[in-house]
Amino acid sequence: MDKFVIRGGKKLSGSVSVSGAKNSSLALMPATLLNSGLNIIENTPEVNDIFTMIKLLKQLGVESEFQNHTLKLYTSKINNQVAPYEHVKKMRASVYVLGPLLSRFGYAKVSMPGGCAWGPRPINLHLEAMKRLGAEITLEEGYIIASANKLKGAKIHFDVSSVGATGNALMASVLAKGTTLISNAAIEPEINLLGEYLNSMGAKISGIGTTSLEIEGVDQLYPNTIRNIPDRIEAGTLLIAGAITNSRISLANIDVNHLDAVLNKLEESGIKFILENDKLILDAENSSINSSDVTTSVYPGFPTDMQAQWTSLMTLADGISTVTDTIYLDRFNHVPELQRLGANIELVNNSAVVKGVKKLKGAKVMSTDLRASASLVLAGLASEGTTEVLRIYHLDRGYQRIEEKLKALGADIERVATTEY
Ligand code: EPU
């Protein structure tokens, strides 16, 4: 097991490139189950969740090659429709295989994901959507068993906007007979990219990028190549690394359109930005950080996946800020760890009330989930003395060697093997 040892207080400078988005790759990869042949996904990040998805697809009969961020998936020998507990318990996004397997093969057996580190994450909307499309769903020994002779187009309305359920419903409906209408669909960039990829395979989806999708089922889809989008959450995390250390850094391989909410909030806190060609320069060198309230919401709102990192930034802001998560009400495991570094935070229901302090002081802290870990690394960069972040396997699920990027920017951070748990 590894930990990070961070000697904080260093200013950052220079430029790094952002990796491809984890959450879009995790949707694009199962989408290839819908065709037979060679699919290529460029700009795939080398992170552990992607390796978990590769293993799950292998279990289903998909062969792969993964080099230099180009992922090749061969889908002509799929011979199994079972997603076992050992994969699903590691990564909830495994449930993405449900829609495409059911749609192409008429059968899927997928382990129920269970709880997650910060509380319940139900999949009822995924199952409701499959039922609307005509699937019969039963639960047996912890597994969802879904079957249908042929899915049939239907009206699907989501009471709650869900990235995963929209993705699954899209992947199920593209091969269904007739027309499907999805309302209150998610419009996160990762889902829009999935829609575009499916269309490039021959699907007929209209309304991509809006909350109303219309899908005319087709008989067959064909393999294709797609270039993945940059990871907006990694970009946001690196921007906060620059802001929290009062530095000037620049990021390449980003899509600023996907970062509107985060950039707005950073500007509100007094941070300046310059867009130069395809690089975004963040300048926090001479600015103090002003407190700024954040409430997470679905895209294009402020992402829940940036809530923990924002909370870290606010621990050193002038004044009091309230950080509210409306997507995951309990996603605050980072708070007690930030308090170990000297942060002044009070949890009130689904809000962290953060009173800025003058400085944080290094300590040992523990990662509890992916974004919580990122928030601890950020706080460590700004803390006096040494911070050790334990259990960074959480971080490795979704950030590609983040310590190398931070080192390239001048941070003093080491990955060290440890038996500490
Ligand atoms: N929800 C339900 N029922 C469902 C599905 C969702 O009630 O069947 C609720 C959830 O409990 C939550 C809300 O709907 O309150 C939104 O959840 P969503 O389904 O959109 O989340 P997800 O698809 O499971 C993806 C990302 C998460 C990210 C959320 C929200 C992937 C692989 N995961 O999860 O990413 O937090 O959307 O934006 O795309 C991360 O990268 O750290 C991460 C957790």
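Helix H5 supplies the largest share of the shell around the ligand, with three residues. The model discussed here is predicted. The shell as a whole holds 22 residues, and Asn124, Ser162, Val163, Asp305 and Ile327 come nearest to the ligand.

A polar side-chain atom of asparagine 124 sits 2.7 Å from a nitrogen atom of the ligand. The backbone takes part as well: a backbone N or O atom of valine 163 is 2.7 Å from an oxygen atom of the ligand, and a polar backbone atom of isoleucine 327 lies 2.6 Å from an oxygen atom of the ligand. On its own the ligand has 820 Å² of accessible area, of which the protein covers 84%. The elements that contribute two or more residues to the shell are helix H1 (22-31), helix H5 (124-132), helix H6 (163-173) and helix H12 (370-382).

Turning to charged pairs, a search of the whole structure finds 22 salt bridges. One of them joins lysine 10 to aspartate 412, with 3.9 Å between the closest N and O atoms. This pair links distant parts of the chain, 402 residues apart: lysine 10 belongs to the loop between strand E1 (2-7) and strand E2 (13-17), and aspartate 412 to strand E24 (residues 412-417). Lysine 10 is partly exposed, at 39% relative accessible area.

A second pair is formed by arginine 248 and aspartate 283, whose closest N and O atoms are 3.4 Å apart. Here strand E15, which holds arginine 248, is linked to strand E17 (residues 279-283), which holds aspartate 283, across 35 residues of the chain. Arginine 248 counts as partly exposed because its relative accessibility is 35%, whereas aspartate 283 is buried at 19%.

A further salt bridge brings together the side chains of lysine 265 and glutamate 268, at 3.2 Å from N to O. These two residues are three apart in helix H9 (residues 260-268), so about one helical turn separates them. Lysine 265 counts as buried, with 18% relative accessibility, while glutamate 268 is partly exposed at 47%. Elsewhere, Asp2, Asp396, Arg401, Glu403, Glu404 and Arg415 are linked in a network of salt bridges.

Helix H13 (residues 393-396) includes tyrosine 393, which is partly exposed at 33% relative accessibility. Together with Met1 and Tyr421, Tyr393 forms a nonpolar surface patch with about 330 Å² of accessible area. Histidine 394 is also found in helix H13, but histidine 394 is buried, its relative accessible area being 15%. A polar atom of the histidine 394 side chain lies 3.5 Å from the backbone oxygen of threonine 368.

The backbone also has some features worth a look. Most residues other than glycine have a negative phi, and most peptide bonds are trans. The peptide bond from tyrosine 299 to proline 300 is cis, with omega near 10 degrees; proline 300 lies in the loop between strand E18 (294-295) and helix H10 (307-314). Asparagine 43 has a positive phi, near 65 degrees. Its place is the loop between strand E3 (38-42) and helix H2 (48-60), and asparagine 43 is buried at 11% relative accessible area. Asparagine 246 likewise has a positive phi, of about 50 degrees, in the loop between helix H8 (232-244) and strand E15 (248-252). With 24% relative accessibility, asparagine 246 counts as partly exposed.

Note on methods. Residues numbered from 1 in each chain as written. Predicted model: local features only at pLDDT ≥ 70, side-chain atom pairs only at ≥ 80, totals over all residues. Heavy atoms only, no water. Patch = residues over 30% accessible without salt bridge, like charges linked within 9 Å, V, L, I, M, F, W, Y side chains within 5 Å. Areas by Shrake-Rupley, 256 points an atom, 1.4 Å probe, with all protein chains shown as cover. Salt bridge = Lys/Arg side-chain N within 4 Å of Asp/Glu carboxyl O. Helix = DSSP H or I, 4+ residues; strand = E, 2+ residues; numbered from the N terminus. Buried < 20%, exposed > 50% of the residue type's maximum accessible area, 1.4 Å probe, protein only. Near = heavy atom within 4 Å. Polar contact = N/O pair within 3.5 Å; in protein donor to acceptor, adjacent residues only side chain to side chain.
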